[in-house]
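Please view the sequence and the structure below before reading on.

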Amino acid sequence: MTPEELAGFAKEIVIRKLSERAHSRSDLAQALAKKQVPEGVAEATLAKFEAAGLIDDEDFARSWVQARQRGKGLSSRALANELRTKGVDDEISKEVIGELDPAAELEAAHRLVRTKLRSMSRFDDATKTRRLVGMLARKGYPSQMAFQVVRDELGAEAAPLDSM
């Protein structure tokens, strides 16, 4: 391929990816590398899209965090890990995660537990507690917060749960 054809090919890949949803610069660079676009062509293409305002890691991180917290109920720790996986700079990640409301994170945990509790009526409280705390742990919530949320939602006494 000629340099012009390579640049056009790279541009098509980026446009296609961005038409699906927002992506981080790193995601797009990986997509170009996977299609064997030379690094120089990939960097030039990404720089053009960045200059045009079509690639913005901070905007991507903000929208990703809002969607994943609202949709999946993920904790700030889990969201930070996802942003790291997506190639978002740690400084940007810290800034965006710092904008999250801790009360909203706590409410998301309560909402997750209430939703899951609907399908757990056949289990005893110990089993419910174990499963609910495990679910919150997988979503990145600290164990102390997970136990407190489950305790609140089950209306249980603190003493029996502390022995677990």
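At what angle do helix α4 and helix α5 pack, and how far apart are their axes?

## Basis of the report

The model is predicted, so local features need pLDDT of at least 70 and side-chain atom pairs count only at pLDDT 80 or more, whereas totals for chains, interfaces and linings use all residues. Residues are numbered from 1 along each chain as its sequence is written, and side-chain values use heavy atoms, with hydrogens and water left out.

## Helices α4 and α5

Helix α4 (residues 57-72) and helix α5 (residues 76-85) pack at an angle of about 135 degrees, and their axes are 10 Å apart. Helices are DSSP runs (H or I, at least four residues), numbered from the N terminus. Axes are lines fitted to C-alpha atoms over the stretch in contact, and angles run from 0 to 180 degrees between N-to-C directions. The two helices α4 and α5 are therefore oblique to each other; angles under 35 degrees count as roughly parallel, over 145 as roughly antiparallel, 65 to 115 as roughly perpendicular and the rest as oblique.

From α4, the residues Ala61, Trp64, Val65, Arg68 and Gln69 make the contact with Leu79, Glu82 and Leu83 of α5. Contact means heavy atoms within 4.5 Å. By class, the residues of this contact are five nonpolar, one polar and two charged. Ala, Val, Leu, Ile, Met, Phe, Trp, Tyr, Cys and Pro count as nonpolar, Asp, Glu, Lys and Arg as charged, and the others, Gly among them, as polar.

## Helices α1 and α2

The packing angle of α1 and α2 is about 130 degrees, with 10 Å between their axes. This pair, α1 and α2, is therefore oblique as well. Ala10, Ile13, Val14, Lys17 and Leu18 in α1 meet Leu28, Ala31 and Leu32 in α2. The contact of α1 with α2 has seven nonpolar residues, no polar ones and one charged residue.

## His23, between α1 and α2

His23 is found in the loop between α1 (3-20) and α2 (25-34). Is His23 buried or exposed? Its relative accessibility is 5%, so His23 counts as buried (buried means under 20% relative accessible area, exposed over 50%, partly exposed in between, with a 1.4 Å probe and protein chains only).

The side chain of His23 reaches the backbone oxygen of Lys17 at 3.1 Å. Apart from neighbours within four places in sequence, His23 is in contact with Lys17, Leu18, Leu28 and Phe60.

## Glu91 in α6

Glu91 belongs to helix α6 (residues 90-98). With 55% relative accessibility, Glu91 counts as exposed.

Note on methods. Polar contact = N/O pair within 3.5 Å; in protein donor to acceptor, adjacent residues only side chain to side chain.
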